[in-house]
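Work through the exercises below with the structure in view. Each task is followed by a solution in steps.

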Amino acid sequence: MRLGCIADDLTGATDLALMLSREGLRTVQTIGVPDEALDLSGADAVVVALKSRTIPAQEAAAQSLAAAEALRKAGAKNFFFKYCSTFDSTDGGNIGPVTEALLAFTGGDFTLACPAFPANGRTVYQGHLFVNGVPLHESSMKDHPLTPMRDSNLVRVLQRQTRLPVGLVPFEDVDAGADAVQKAFEREKAAGHRIVIIDAITDQHLRTIGVAAAGLPLITGGSGVAMGLPGAYRKDRPTDSSLKSTHLTAPEGKAAILAGSCSSATRRQVEIAIKGGVPAFRIDPMALASGALTPRTVLDWIAAQDTGGPVLVYSTASPDEVQDVQTRLGRMNAGELVEHFLAEIARALPEKGFTRLIVAGGETSGAVVGALGVSALTIGPEIDPGVPWTRTLAGTDLALALKSGNFGAPDFFLKAWSLLQ
Ligand code: ADP
């Protein structure tokens with residue numbers, strides 16, 4: 001194995017695994033630290049999905065180190081810490097503390113932080129992160145339920161989370177090519193910086209960074225910056241296009257969508273699905289808190305739907321509604337209540353004949369996959385940038401699409417099924 005990856009949430013892990021497999025690396029994704037019994041010998045890259053984005057920073061660092069240790073045992077030579085392309089974090093972490101811990105683990109003295117993913121509208125210019133052309137602090141991320149992002153300057157954001165001095169490799173260096181980027185690394189190191197935010201506004205920039213950074217023991221960022229790594233690792237072997245499958249063979253069975261994301265893309269997708277005739281059940285967090293709504297009610301409703309198509313269960317709500325619920329229940333408590341409830345629904349679905357599931361939301365997907373006991377996934381075709389169909393490698397046989405809240409086209413919940421056979 002060449003590359004060992006640690007992702008701070010599940011949909012982010014899938015996004016990275018998809019990027020690496022598309023670029024020609026044989027990639028396996030594990031849910032949590034892989035068991036020693038899992039055979040990883042055929043993989044060029046392994047992506048370990050943690051659920052460490054919003055847990056206490058010390059715990060996130062400890063889990064990331066345990067994953068890194070397991071990956072090194074399985075043969076990993078280089079390491080990649082994957083977080084969200086919108087840099088989801090708080091002043092307490094966890095991007096800074098986990099980077100610090102992993103950098104010490106690899107024995108390196110310098111790394112980069114690059115959340116840019118132009119295909120998904122995430123670009124970084126002069127250290128400022130833009131989401132579809134809008135500065136991060138003006139984008140819908142300012143209202144995220146768990147990690148509201150109120151500053152677009154990533155040098156500042158990251159510096160608040162770490163003792164390691166943070167610098168910047170700006171657009172001018174990246175646009176000038178890999179040699180210029182390596183010179184910029186030396187310049188930043190000489191200035192005492194241990195982590196650099198690095199600009200990227202096109203795929204070409206990401207490929208340049210991949211070439212310049214392939215020798216670093218640790219790289220951190222979104223899945224975009226992984227784009228250039230497979231080519232840099234195997235200069236002599238071009239991407240094997242036969243790896244790009246267009247359909248996933250899925251187990252026969254019924255289909256469901258569970259949406260626990262309140263991100264703007266998911267809000268639109270829920271709206272379009274309902275307009276498109278998908279039967280939908282809305283979860284009210286206050287009804288969960290009072291005990292008025294139980295999994296049984298939802299499962300009975302699901303059983304009563306017989307359109308032959310997918311059913312949708314969603315807690316997706318507007319920023320105002322989320323704020324109101326959080327004021328009454330507390331931010332973390334509300335989040336966990338909803339995640340736990342959707343996970344309970346998911347746990348009951350396979351025995352009712354559901355084998356094809358879309359889950360919207362990173363935290364939500366983590367909770368759902370945990371409840372289903374899924375430990376490893378193979379990566380199938382891409383539905384929209386960053387979101388593939390996957391199939392479970394062990395345990396209950398399921399086709400799963402785990403969607404980061406803000407990913408996917410408006411008709412995602414309607415069109416995704418056509419890639420299954
Ligand atoms: P995303 O990928 O969009 O960030 P996540 O699932 O990671 O989505 O995070 C959304 C969080 O919001 C979860 O903790 C979820 O339980 C919580 N949540 C979902 N619906 C509501 C709601 N109606 N009110 C408050 N919190 C909610």
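**Exercise 1.** Find which residues are closest to the ligand.

*Solution.* The ligand is surrounded by 21 residues, where a residue counts if one of its heavy atoms lies within 4 Å. The closest are His-144, Ser-261, Ser-263, Glu-339 and Thr-364. The model is a predicted one, in which local features need pLDDT of at least 70, side-chain atom pairs count only at pLDDT 80 or more, and totals for chains, interfaces and linings use all residues. Residues are numbered from 1 along each chain as its sequence is written, and side-chain values use heavy atoms, with hydrogens and water left out.

**Exercise 2.** List polar contacts of the ligand (pairs of N or O atoms within 3.5 Å).

*Solution.* Start with the side chains: an N or O atom of His-144 is 2.6 Å from a ligand oxygen atom. An N or O atom in the Glu-339 side chain is also 2.6 Å from an oxygen atom of the ligand. Then take the backbone: a polar atom of Gly-405 there is 2.9 Å from a ligand oxygen.

**Exercise 3.** State how much of the ligand's accessible area the protein covers.

*Solution.* On its own the ligand has 570 Å² of accessible area (Shrake-Rupley method, 1.4 Å probe). The protein covers 97% of this area.

**Exercise 4.** Decide whether Thr-123 is buried or exposed.

*Solution.* Buried means under 20% relative accessible area and exposed over 50%, with a 1.4 Å probe and protein chains only. Thr-123 has 18% relative accessibility, so Thr-123 is buried.

Conventions:
A polar contact is a pair of N or O atoms within 3.5 Å; within protein, one must be able to donate a hydrogen and the other to accept it, and residues adjacent in sequence count only if both atoms are side-chain atoms.
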